[in-house]
Amino acid sequence: MKMNLFFILLLFLAVVSCNEKLVEKPDGLIGKGKMVEILYDLSILNSAQNTNAAILQEQDIEIMPYIYKKYGVDSIQLAKSDLYYASIPAEYEAIYREIVAKLEIDQKRLEEIRTKGPDSLALKGKKVNSELLNKK
């Protein structure tokens, strides 16, 4: 649902924009690379929550506080940065292209693991979950 809202906002801004500056660059703008990492983690965590909320509950993870702590940002900084990037459709598209590329790499890794059999998937799944939670 949130991703659909982002894409609707992106489409709206692309139609309205015409290269005029809609939003001023905010103080404390989150860098593009860090924004990619934040939105990537949000997509993974939201998917996990939508698929099996117990995964996050077992680890006692609330998505947004986890993101703020992990990346050292606050809700206002994230919202202003997201709005700023969304006001520049080419930049926002580039951010989401990077996220999609990272997700495709993850998907290929998981497919490789699945072809090795159920035992390797169970072991690798523990490592993948651990990597996601400890990634900095």
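Is Glu 98 buried, partly exposed or exposed? Select Glu 98 to begin: its relative accessibility is 37%, so it counts as partly exposed. Bear in mind throughout that this is a predicted model.

**The whole chain**

Zoom out and colour by secondary structure. The chain contains 7 helices and 0 strands, giving the pattern α-α-α-α-α-α-α along the sequence. Of the 136 residues, 29% are buried. The chain exposes about 9,300 Å², with 57% of that supplied by carbon and sulfur atoms. Among contacts with a separation of 6 or more, 77% are between residues 24 or more positions apart.

**The nonpolar core**

Next, select Met 35, Ile 38, Leu 39, Ile 67, Ile 95 and Ile 99. These are the residues with the most contacts inside the largest nonpolar core, which has 24 residues. At least two residues of this core come from each of helix 2 (32-51), helix 4 (63-71), helix 5 (75-86) and helix 6 (89-115). Helix 2 contributes the most, with 7 residues.

Keep Met 35 selected and show its surroundings. Neighbours within four places in sequence aside, Met 35 is in contact with Ile 30, Leu 78, Ser 81, Asp 82, Tyr 85 and Ile 95.

**Aromatic pairs**

The whole structure has 2 aromatic pairs. In one of them, Tyr 84 and Tyr 85 have ring centres 5.7 Å apart and planes at 65 degrees; an angle over 60 counts as edge-to-face, so this pair is edge-to-face. Both Tyr 84 and Tyr 85 are buried.

Now select Tyr 92 and Tyr 96. This aromatic pair is also edge-to-face, at 5.2 Å centre to centre with 75 degrees between the planes. Tyr 92 and Tyr 96 are 4 residues apart in helix 6, so about one helical turn separates them. Tyr 92 and Tyr 96 are both buried.

The charged end of Lys 102 sits over the Tyr 40 ring, 4.7 Å from its centre.

**Salt bridges**

How many salt bridges does the structure hold? There are 4, and the tour visits some of them.

Lys 32 and Glu 98 form a salt bridge in which the closest N and O atoms are 3.9 Å apart. Lys 32 belongs to helix 2 and Glu 98 to helix 6, so the bridge ties together parts 66 residues apart in sequence. Lys 32 has 29% relative accessibility and therefore counts as partly exposed.

Then select Lys 70 and Asp 41, whose side chains meet in a salt bridge at 2.7 Å, N to O. Because Lys 70 lies in helix 4 and Asp 41 in helix 2, this pair ties together parts 29 residues apart in sequence. Both Lys 70 and Asp 41 are buried.

Another salt bridge joins the side chains of Arg 97 and Glu 93, at 2.3 Å from N to O. Both residues are in helix 6, 4 residues apart, about one turn of the helix. Arg 97 is exposed at 56% relative accessibility, whereas Glu 93 is partly exposed, with a relative accessible area of 36%.

**Last stop: a loop residue**

Finish at Asp 60, in the loop between helix 3 (53-58) and helix 4. Asp 60 is not a glycine, yet it has a positive phi of about 55 degrees. With 66% relative accessibility, Asp 60 counts as exposed.

How values were computed. Residues numbered from 1 in each chain as written. Predicted model: local features only at pLDDT ≥ 70, side-chain atom pairs only at ≥ 80, totals over all residues. Heavy atoms only, no water. Core = buried A, V, L, I, M, F, W, Y, C linked by side-chain atoms within 4.5 Å. Buried < 20%, exposed > 50% of the residue type's maximum accessible area, 1.4 Å probe, protein only. Contact = heavy atoms within 4.5 Å. Areas by Shrake-Rupley, 256 points an atom, 1.4 Å probe, with all protein chains shown as cover. Phe/Tyr/Trp six-rings, centres within 6.5 Å; stacked < 30°, edge-to-face > 60°. Lys NZ or Arg CZ within 6 Å of the ring centre and 35° of its normal.
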